[in-house]
Structures are given as C-alpha cells and as structure tokens.
Amino acid sequence: MSNQKKRNFQIEAFKHRVVVDPKYADKTWKILEHAIHEIYNHNASGLSFEELYRNAYNMVLHKFGEKLYSGLVSTMTSHLKEISKSIDAAQGDSFLEELNRKWNDHNKALQMIRDILMYMDRTYIPSTHKTPVHELGLNLWRDNIIHSSKIQTRLLNTLLELVHRERTGEVIDRGLMRNIIKMLMDLGSSVYQEDFEKPFLEVSAEFYKGESQEFIVCCDCGEYLKKAEKRLNEEIERVTHYLDSKSEVRITNVVEKEMIANHMLRLVHMENSGLVNMLLDDKYEDLGRMYNLFRRVPNGLLTIREVMTSHLRETGKQVVTDPERLKDPVEFVQRLLDEKDKYDSIISLAFNNDKTFQNALNSSFEYFINLNARSPEFISLFVDDKLRKGLKGVSEEDVEVILDKVMMLFRYLQEKDVFEKYYKQHLAKRLLSGKTVSDDAERSLIVKLKTECGYQFTSKLEGMFTDMKTSQDTMQGFYASQPELGDGPTLVVQVLTTGSWPTQPIVTCNLPSEMSALCEKFRSYYLGTHTGRRLSWQTNMGTADIKATFGKGQKHELNVSTYQMCVLMLFNNADRLSYKEIEQATEIPASDLKRCLQSMACVKGKNVLRKEPMSKDIGEEDAFFVNDKFTSKFYKVKIGTVVAQKESEPEKQETRQRVEEDRKPQIEAAIVRIMKSRRVLDHNNIIAEVTKQLQSRFLANPTEIKKRIESLIERDFLERDSADRKLYRYLA
C-alpha cells in the first residue's frame with residue numbers, strides 16, 4: 001500500500017458548446033420591436049408579457065444587450081417623431097390637451113416597456129453605464145417633443161398667454177396647466193426652469209412694472225397697498241395650484257420688487273394718504289397692510305420706522321414747545337399720554353408689537369419730553385391733580401393704569417431728581433391739607449418709584465407718611481393729657497421731621513391770643529415727652545376752620561389758611577382796618593398778606609371782606625371792612641388763597657438752584673466710587689463713567705463734573721499726575 005502513488009483528481013468543464021442560431025438575435029428583436037409598436041398603438045392587451053420578458057432576458061444573456069438597447073432607442077424615437085407631428089397639428093386650445101394626452105400615453109407605454117426590459121435595466125445598463133429605460137424615455141420625450149423646433153416656442157407662449165389671461169380676470173383650465181407644468185418638472189428641474197420659469201419671471205416683472213406704474217398714478221396709498229396685497233396673494237395661490245413650490249419665493253420676489261420696493265418712498269410720502277396721514281387718522285388696517293408688505297422687502301420696515309420717528313419727533317416737539325399748551329400742565333401731560341396711547345395701539349394692532357418700533361417710540365418720547373425743562377414739574381403737577389381730585393370714584397385697577405402711565409413718562413425723564421423735588425413739594429401739600437384721594441394710590445406710586453430708582457429715591461417720601469401717622473398718635477396723647485381743653489378752640493398739629501419734608505423758610509406770624517396759648521401748651525407737652533428736640537411753627541402751611549356771623553345773622557363756617565384766620569380774627573375788635581394796620585398786627589410777609597387779602601376781598605362768592613377803593617389788586621393805602629352782605633348757599637365756605645399753580649420765575653430759579661446744590665454731593669460720590677476702584681483714570685473716562693452712573697437720576701453736566709473734580713483735588717481726595725495733567729490719581 002505504501003509504495004502506491006497518490007493520484008490527484010481534477011473535474012473539468014462540460015465540453016458541449018451551445019450553438020446559437022445566427023439569426024436568433026434578429027428574430028427575437030423583431031418580436032420585441034413588434035411588441036413596442038403594439039404598446040404605442042394601444043394594442044397591448046394581446047401580448048404575453050411573460051414571453052416578452054423571457055425574450056429580452058435571453059438577448060441580454062446571450063450578449064445582445066447592445067442590439068436590444070439601440071433598437072429600443074431608435075424605435076421609441078421614431079414613435080415620438082410621429083407623436084410630435086400629431087401634437088403640432090393640434091389647433092388652438094386643443095394643443096395643450098393633445099400634448100397632455102400624448103404625454104400620458106407615453107408614460108403608460110414607458111411603464112410596460114420598462115417591465116419587459118427589467119432584466120436589461122438591472123444588469124446590462126449598470127455595467128455599461130447607459131441611461132435606465134424610464135429616464136431614457138423621458139429624455140427622448142424632452143428632445144423629440146418639448147425641444148422640437150415647432151413645439152418649444154409654441155408651448156412657452158401658450159403657457160405664458162394662459163397665465164396672462166388668468167391675471168386679467170379670465171378663468172383658465174388650471175388642471176390642464178398643472179399637468180403640463182408637472183410634465184416639465186418630471187423632465188428635470190433644468191427643463192422646468194429654462195423652458196418655463198425664467199421666461200415666466202421675466203414676463204411677470206414686465207407685467208407688474210407696468211401695472212404698478214398705472215396704479216401709483218391713479219390710486220391713493222391705501223388702495224395701492226390693497227391691490228399689491230391682492231396680487232401677491234394671487235401669485236402665492238397660483239403656485240399652490242399649478243407651479244413648482246420652489247417658484248413661490250421667486251415670483252413673490254418679483255411682485256415685491258416691482259410693486260413695493262421700487263415705489264417704497266413714493267408710497268410712504270404720498271400726499272394726503274401716505275404713512276403720516278395713516279398715523280394721524282389711526283388707519284390700523286392700512287398700517288398693518290403696509291407693515292406686512294414692507295417687511296418683505298429690504299429696508300422696508302426701516303423706511304416706515306424712520307418716517308414714523310421723524311413725524312413723532314416733530315409733532316412731539318410742537319407739543320412741548322408750544323407756549324399755548326404750556327399754560328395748563330395737566331392738559332400738557334394728558335396730551336403726551338394720549339399720544340403715547342395712540343402709538344402703543346398702532347404698534348400693537350398694526351405693527352405686530354414689533355420691538356424695533358417700540359424702541360423707536362421710546363427714544364422719540366425721551367427726545368422731545370426732555371426738550372422742555374419743565375416736563376418733570378408738569379408730570380408732578382399732573383400726579384398732584386389726579387391724586388387730589390382726578391381719581392375720585394375711579395376703580396383701583398384704573399388708578400393703577402394711570403399710575404403706570406405716569407411712571408412710563410417718568411422713565412423718559414433725564415432729570416429724575418428735578419421730578420423728585422417737585423413731587424416732594426406737591427406730596428407735602430397734599431398730605432398737610434388732607435387733600436389726597438387715596439392713601440393706597442399714594443403708596444402705590446411710591447412703591448413704583450422705589451422699584452424704578454431704588455430706596456434712596458423714596459426714603460424721604462416714606463418718612464413723610466410716617467410723620468403723618470405719628471402726628472395723629474401725638475394729638476391723641478395731647479388731648480388725653482389735657483382734659484380741660486374740651487371747650488376752647490381745637491388744635492391739630494402735624495410734627496414734621498426736618499430732613500424728610502421740603503425745606504420751608506421759617507416765617508413768624510402773630511397768632512390770635514387764644515391760639516398762641518394753645519400752641520404753647522402743645523409745645524410744653526411735646527418737649528416733655530420727647531427729649532432733645534426743637535419745634536418751630538410753620539404757620540404758612542396751616543389751615544383753620546372759623547365760625548362767622550354776618551350782617552343779617554347768617555352764619556357760616558369758613559375754611560381758611562392760618563394767615564387768613566389771623567387777619568379775620570382782627571375784625572372781632574375793629575370794624576375798619578387799613579392794610580398797614582393789618583400788616584403791623586399780624587407781621588405776615590407782604591407778598592403772602594396781599595395774596596391772602598386778595599382772596600378774601602376780590603374773589604366773587606368768597607368776598608367775606610370789602611375793600612376801599614375796589615380794585616383787583618391790593619395797595620398799601622387800601623382799607624378793609626367785614627362784608628355784611630356776604631351770602632353763600634353753602635354753610636361751609638372754603639376760601640382758597642390766590643396762588644399760581646405753576647411756579648413763578650423766581651421760585652423756579654430757586655428750585656433749580658436747590659436741585660443743582662443737591663447734585664454736587666452725588667457727583668462727588670460717583671467720582672470717588674469710580675476712582676477708588678480704578679485708582680488712575682483720565683479726564684474723559686471719568687466724565688463718561690460719572691455720566692453713566694448718574695443717568696438713572698439726572699444727566700450730569702460735564703462742566704459741573706470738572707468743578708467737582710477740582711473740589712476733590714483741593715480736599716486731597718484726588719491728585720493730578722505730574723507728567724500728564726489729564727490723568728487723575730486716587731489718594732487713599
């Protein structure tokens with residue numbers, strides 16, 4: 001066994017060669033060619049697709065794929081040339097219908113041919129990098145039908161003509177249009193774009209250019225915008241019905257450019273109907289339409305915003321600088337609030353609450369409110385008017401709305417400290433005269449101011465309320481300790497902490513003896529219960545109720561100021577008094593005395609005194625009597641003091657001076673804070689930093705900052721750099 005040789009076995013291929021009939025390929029192709037003809041001639045029902053598939057399969061298998069493929073190309077081409085002739089022969093409206101019908105036939109035929117030649121599609125075509133059957137069918141349709149010299153231009157003109165007819169109000173067959181456009185899209189995006197979309201956009205641009213020029217001449221702005229909006233919506237609708245969705249951006253761009261962008265400035269400034277007229281007449285619908293159309297084009301909203309801002313600044317400037325309007329501060333502020341409400345409504349209803357428009361509105365208001373140096377005073381007077389009488393019977397929610405509006409104007413003020421000065425004075429008068437409508441409303445506004453400006457801003461205002469409460473308790477204690485005072489005159493004292501209330505000059509005045517004795521008792525009581533305090537009487541801020549009996553026995557209770565009480569009480573002991581005698585007896589300052597006599601002798605219905613000679617002004621030679629003929633239908637008569645609601649020029653100067661004085665320590669504190677953290681800083685940067693730090697209270701004047709720096713250098717807080725005079729160093 002071991003010496004036997006090992007044998008290697010080898011299996012060889014079967015030697016029998018299959019001989020193919022040389023005419024096999026031609027015969028088989030003839031069968032397939034006949035089938036393709038039958039399919040195109042709508043006789044496919046008699047064909048055996050299984051047999052045809054096998055024939056095509058065998059041809060590919062026996063390496064006749066090239067013959068099969070080239071035969072397919074030539075057969076389809078010859079059929080399409082025939083189809084092209086029949087489409088071209090169609091007349092008028094039947095042209096597109098014939099094209100659509102033949103396209104549908106071609107697609108069905110292509111589907112059957114692809115099924116028969118599926119094996120070639122899967123094996124031969126990928127390996128030889130030829131075009132697949134379905135795609136080939138589309139390309140041949142494109143080259144022989146769509147791009148045939150006779151059909152190409154005719155097709156484009158027919159489609160554009162139909163679009164034009166639809167634009168001019170005719171009804172067209174949208175279904176047919178959709179099918180034809182879809183055919184172009186199926187043939188490839190480049191076919192749709194080159195053979196239809198580009199010329200369509202060019203013709204549309206021409207159409208809208210002409211139409212917009214026609215409209216701009218004959219329509220006002222509102223009408224023009226309606227037409228532009230209608231056209232835009234029509235084009236968007238056209239895209240959804242029969243164009244490629246990608247065309248929407250392109251065609252809307254054409255409409256926007258031709259109808260809006262090219263006429264933007266003319267529309268906005270159109271006489272009697274442009275943007276300014278829409279704003280004046282509150283045309284929310286037109287404004288909303290303008291906003292929605294202009295936002296679609298470059299710089300559209302910027303154009304609206306700039307025109308609105310310049311109009312707003314111009315009208316605002318007229319409001320705040322018109323001397324007529326400045327006569328009534330309450331009316332002045334109400335006008336500003338109405339203007340703000342108006343534009344808030346426009347921005348919310350027409351401009352989609354656009355933040356950029358809101359910012360433009362705010363900057364415009366800030367600009368023109370600060371053109372009038374008296375705006376802080378007027379806003380405080382407006383609050384004063386509302387809290388004295390304007391809010392009577394108004395619900396809490398409405399009070400909050402009004403206070404919020406006031407706060408909004410307050411935010412625009414650059415000189416918030418000036419407002420604070422006036423507000424403090426007005427609040428003091430309201431509290432002392434008991435004229436405030438609602439303590440809750442007063443406190444609510446203080447809370448808002450505190451939130452806006454911090455504790456420093458309102459601490460003194462809160463102190464004023466505390467004093468009022470403490471004074472009530474003090475008076476209860478005083479009367480409890482003095483039971484014997486029940487019968488005589490009644491005294492109500494408000495004890496005010498000097499730092500919290502606006503500083504008033506202490507004016508002496510001779511009180512009637514009954515009152516001065518009572519005041520002395522109160523002083524003893526108060527100083528007995530509080531150590532280390534000093535009381536000084538502010539008679540110029542007080543009021544009194546006195547009972548009076550006139551000529552025929554008619555009795556009235558007069559509500560008067562303390563000064564008026566001092567004058568009237570003199571007439572208990574004299575029938576006639578000259579101005580000089582009154583002045584000597586009361587020692588009231590001349591300006592106050594004249595005002596107080598004027599209000600009692602010259603105001604109709606309040607003239608409890610008569611004077612000789614009768615005139616509107618008080619002279620030093622005048623004489624006064626009790627007016628025995630005084631009558632009033634009311635038992636209680638309030639006799640006001642003739643006083644200007646707004647400050648007089650000297651008072652204004654004085655307030656301004658006080659504000660400037662109060663600013664000095666604030667500027668110095670800011671400089672020290674900055675220098676402490678920076679150590680070394682140049683002049684311009686200090687100015688910028690100080691202005692920035694203080695802008696929530698007031699706009700610091702660079703000249704004043706420079707003076708404060710000099711003052712701090714003198715007091716050794718800072719020093720100048722020896723090398724660079726514009727550089728400052730902090731001295732710890």
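1. Helices in this note are DSSP runs of H or I with at least four residues, numbered from the N terminus. The structure is a predicted model. With helices defined in this way, Phe-365 and Phe-368 are placed in helix α17, residues 355-369, where they are 3 residues apart and therefore separated by about one helical turn. The points below begin with aromatic contacts, then turn to salt bridges and the surface.

2. The count of aromatic pairs comes to 21. One of them joins Phe-332 and Phe-378 in an edge-to-face arrangement, with 5.2 Å centre to centre and 75° between the planes. Phe-332 belongs to helix α16 (residues 329-349) and Phe-378 to helix α18 (residues 375-390), so this pair ties together parts that lie 46 residues apart in sequence. Phe-332 counts as buried because its relative accessibility is 2%, and Phe-378 counts as buried at 1%.

3. The rings of Phe-365 and Phe-368 are tilted, at 4.8 Å centre to centre and with 50° between the planes. Both Phe-365 and Phe-368 are buried. The Phe-332 and Phe-378 pair links two helices, α16 and α18, whereas Phe-365 and Phe-368 both lie in helix α17.

4. Side chains of opposite charge can pair when their charged atoms come close. Across the whole structure, 49 salt bridges are found. In one of these, Glu-235 pairs with Arg-167, and the closest N and O atoms are 2.9 Å apart. Glu-235 is in helix α10 (residues 221-242) and Arg-167 is in helix α7 (residues 149-167), so the bridge ties together parts 68 residues apart in sequence. Both partners are placed in the buried class: Glu-235 has a relative accessibility of 0%, and Arg-167 has 6%.

5. The bridge between Glu-235 and Arg-167 should be read together with its surroundings. A network of salt bridges links Glu-166, Arg-167, Arg-174, Glu-235, Glu-237 and Arg-238.

6. Where does the salt bridge partner of Lys-342 lie? The side chain of Lys-342 meets that of Asp-282, with an N to O distance of 2.8 Å. Lys-342 is in helix α16, while Asp-282 is in the loop between α13 (275-280) and α14 (284-294), so the pair ties together parts 60 residues apart in sequence. Lys-342 counts as buried because its relative accessibility is 18%, which falls under the 20% limit for that class. Asp-282, at 31% relative accessibility, counts as partly exposed.

7. Two elements, α19 (396-412) and α21 (439-453), each give two or more residues to the patch. The greatest contribution comes from α19, with 3 residues. Glu-396 itself is located in helix α19. Glu-396 is classed as exposed because its relative accessible area is 65%, a value over the 50% limit for that class.

8. Helix α21 also contains Ala-441. Ala-441 counts as buried because its relative accessibility is 6%. The C-alpha atoms of Ala-441 and Leu-387 are separated by 7.5 Å, although these residues are 54 apart along the chain.

9. A nonpolar surface patch is formed by Tyr-53, Tyr-57 and Leu-61, with about 240 Å² of accessible area together. Leu-61 is in helix α2, residues 49-61. Leu-61 is placed in the partly exposed class because its relative accessible area is 41%.

How values were computed:
Residues numbered from 1 in each chain as written. Predicted model: local features only at pLDDT ≥ 70, side-chain atom pairs only at ≥ 80, totals over all residues. Heavy atoms only, no water. Buried < 20%, exposed > 50% of the residue type's maximum accessible area, 1.4 Å probe, protein only. Phe/Tyr/Trp six-rings, centres within 6.5 Å; stacked < 30°, edge-to-face > 60°. Patch = residues over 30% accessible without salt bridge, like charges linked within 9 Å, V, L, I, M, F, W, Y side chains within 5 Å. Areas by Shrake-Rupley, 256 points an atom, 1.4 Å probe, with all protein chains shown as cover. Salt bridge = Lys/Arg side-chain N within 4 Å of Asp/Glu carboxyl O.
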